[in-house]
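Work through the following exercises with the structure open beside you. Each one sets a task, and a solution then follows step by step.

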Amino acid sequence: MDGQNAYWDGEVEGLARDALESLQEERFMATLRRAAASPFYHEKLKAAGLDLRAIRGLQDITKLPFTTKADLRAYYPDGFLCVPKEKLVRLHVSSGTTGQATAVYYTKRDVDTWAHLMARCMYMTGARPGDVFQNMTGYGLFTGGLGFHYGGELLGMLTIPSGPGNSKRQLQLMRDFGTTVVHVIPSYALRFMDFLMEQGVDPKKDLSLKIMYMGAEPYSEEVRRRVEAFYGVKAYNSYGLSEMNGPGVAFECSAQQGMHLWEDAYILEVVDPETGEPVPDGVVGELVLTTIHREGMPLLRYRTKDLTSVVKGTCSCGRVHRRIARIQGRSDDMFIIKGVNIFPIQVEQVLMAIPEVGANYRILLKRERDVDEMVVQVEVTDRAFIEDMRHLNRLREKIVHELKNELLVTPFVELIEPNGLPKEEGKAVRLIDLRGGGVRASTPFV
Ligand code: ADP
Ligand code: ZN
């Protein structure tokens, strides 16, 4: 096979389903034996009265207890380690939404496996040696930077660690070195788009971009469409979390019909977030992951809080690793207003389908005289902004109307000038809940 469907790692990536399942079985059993040596799992399994001999194979995975973020915090900093500290070569700390951070350790083999998975992801979308890869996300403790960086180098791309922000320098690098592949978080892809327009740059004519990877925060299909149309690229969804190494857990292939979750490295379950029971394919639930190819710090049945579903059927690219759908958000991103459950991404879907809407938006929840109100602040494009008040009022009414149709709640909409909303260096803060005194921001700063 050649072109975009070629395998980076034919031996595993191209396995038939039954061979993949035998490999999983073998790695799962080895992981269990190794995990039991960590202080956390030693105590957890003992407390659950579970004799590991009762787990005879993957079919028994549901007998194992879940592992949660709270467990990681309680056993911070090293209660999950299964190897002597001398074997460790890397540490990442997740920023976390609230409270105590969580630590993830890697052995040399773990760093290599991770790079390998990342190279596999990018190769799958057509990236090749000879490509120039500009990695426009945060380096440091955020796993997105180094994860993609090591993968890009292993694949053989000229990898530029440009880091986040500083749009002027990003553009300069793209021009000077002929960047063809970029990795960027979606909120910055939108802002960079504004910057290029301001500069009068048309990426389709003036730059050499072909491929864009976007992940680390939820975004809608509408954002992908905007990005692809403006930059003239194919944009691929990238999913991962620090607890599972970082990026490289699931990634879109050239078919762009869901993200292949690398089942030789992770066991995939989707469960009802309330009951913890498995849900059928196609039904949205919480993603639960078990690492089966990690040495330093294996995690069993980790509750990601991310909501998704298993995509039914087989992929046209031929890979048998199952696919997950676009992440809707974390279970704790959902907010309730006037009795209706809403995810920020539903607001985004409506907004980004309206051409006059610009790069940024945020949702404020307020309580005025005991009544909850939802305020949606929306940046408009430069062109919409210079229109007269009558036009802007009509636009505002249109946004209210479309949001109401989708959400069944009537929001207040405030139009904001281009670049008028606060910018984050890392993940965007989409939701600010000002009800009940404290402020709860949906996504942590990176
Ligand atoms: P933190 O929990 O501090 O944000 P991470 O950087 O590990 O730390 O973030 C991982 C989380 O980012 C995931 O659990 C998920 O909620 C979100 N995420 C990552 N990739 C995507 C994606 N492609 N779509 C939606 N959300 C994503
Ligand atoms: Zn595919």
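**Exercise 1. Find which helices and strands each supply at least two residues of the lining of the second largest pocket, and then describe that lining.**

Step 1. In this predicted model, the elements that each give at least two residues to the lining of the second largest pocket are α8 (186–198), α10 (221–231), β17 (357–368), α12 (382–385) and α13 (389–407).

Step 2. The volume of the second largest pocket is about 620 Å³, and among the 25 residues that line this pocket, those closest to its centre are Pro355, Glu356, Thr381, Arg383 and Ala384.

Step 3. Sorted by class, the lining of the second largest pocket consists of twelve nonpolar, four polar and nine charged residues.

Step 4. Thr381 sits in the loop between β18 and α12, and Thr381 counts as partly exposed because its relative accessibility is 24%, a value that lies between the limits of 20% and 50%. Between the C-alpha atoms of Thr381 and Tyr213, which are 168 residues apart along the chain, the separation is 24 Å.

**Exercise 2. Describe how the rings of Tyr106 and Trp114, and those of Phe133 and Phe148, are placed.**

Step 1. A pair of aromatic rings is described by two quantities, the distance of the centres and the angle of the planes. The structure holds 15 aromatic pairs, and one of them joins Tyr106 and Trp114, with 5.1 Å from centre to centre and 15° between the planes. Planes under 30 degrees apart count as stacked, and the pair of Tyr106 and Trp114 is therefore a stacked one.

Step 2. Tyr106 and Trp114 are both buried.

Step 3. For Phe133 and Phe148, the ring centres are 6.3 Å apart and the planes stand at 40°, so this pair is tilted. The pair links distant parts of the chain, since Phe133 belongs to strand β3 (residues 132–135) and Phe148 to helix α6 (residues 143–155), 15 residues apart.

Step 4. Phe133 and Phe148 are both buried, and ring pairs join Phe133 and Phe148 with Tyr213, Tyr236 and Phe251 in a cluster.

**Exercise 3. State which ring face Arg90 lies over, and which ring face Arg120 lies over.**

Step 1. Arg90 is placed over the face of Tyr150, at 4.9 Å from the ring centre.

Step 2. Arg120 is placed over the face of Trp262, at 4.6 Å from the ring centre.

**Exercise 4. Describe the second largest cavity and the residues that line it.**

Step 1. The structure holds three cavities of 30 Å³ or more, and the second largest cavity contains about 60 Å³ of space.

Step 2. The lining of the second largest cavity includes Leu72, Tyr75, Tyr76, Pro77, Phe80 and Met297. Strand β2 (residues 102–107) gives the most to this lining, with three residues.

Step 3. Divided by class, the lining of the second largest cavity holds nine nonpolar, two polar and one charged residues.

Step 4. Two of the lining residues, Tyr76 and Pro77, are joined by a cis peptide bond whose omega is about 5°. Pro77 is in the loop between α4 (69–74) and β1 (88–94).

**Exercise 5. Decide whether Lys305, Asp370 and Asp433 are buried, partly exposed or exposed.**

Step 1. Lys305, in strand β12 (residues 302–308), has a relative accessibility of 36% and therefore counts as partly exposed. The phi of Lys305 is near 70°, a positive value in a residue other than glycine.

Step 2. Asp370, in the loop between β17 and β18 (371–380), counts as exposed because its relative accessibility is 74%. Asp370 also has a positive phi, of about 65°, although it is not a glycine.

Step 3. Asp433, in strand β20 (residues 431–433), counts as buried because its relative accessibility is 10%. The side chain of Asp433 makes a polar contact of 3.0 Å with the side chain of Arg435.

**Exercise 6. Explain why helix α11 (residues 344–352) is described as largely enclosed by the rest of the structure.**

Step 1. The buried residues of α11 are Pro344, Ile345, Val347, Glu348, Val350, Leu351 and Met352.

Step 2. Because seven of the nine residues of helix α11 are buried, this helix is largely enclosed by the rest of the structure.

Notes. Residues are numbered from 1 along each chain as its sequence is written. Chains are lettered from A and ligands numbered from 1 in the order in which they are written. This is a predicted model: local features need pLDDT of at least 70, side-chain atom pairs count only at pLDDT 80 or more; totals for chains, interfaces and linings use all residues. Side-chain values use heavy atoms; hydrogens and water are left out. Rings of Phe, Tyr and Trp (its six-membered ring) pair if their centres lie within 6.5 Å; planes under 30 degrees apart count as stacked, over 60 as edge-to-face and the rest as tilted. Buried means under 20% relative accessible area, exposed over 50%, partly exposed in between (1.4 Å probe, protein chains only). Helices (H or I, at least four residues) and strands (E, at least two) are DSSP runs, numbered from the N terminus. A charge sits over a ring if NZ of Lys or CZ of Arg is within 6 Å of the ring centre and within 35 degrees of the ring normal. On a 1 Å grid over the protein atoms alone, a cavity is a set of points where a 1.4 Å probe fits but cannot get out, and a pocket is an open set with protein on both sides within 12 Å along at least five of seven lines; lining residues have an atom within 4 Å of a point. Grid points are joined across faces, edges and corners, and a volume is the space filled by probe spheres set on the points. Ala, Val, Leu, Ile, Met, Phe, Trp, Tyr, Cys and Pro count as nonpolar, Asp, Glu, Lys and Arg as charged, and the others, Gly among them, as polar. A polar contact is a pair of N or O atoms within 3.5 Å; within protein, one must be able to donate a hydrogen and the other to accept it, and residues adjacent in sequence count only if both atoms are side-chain atoms.
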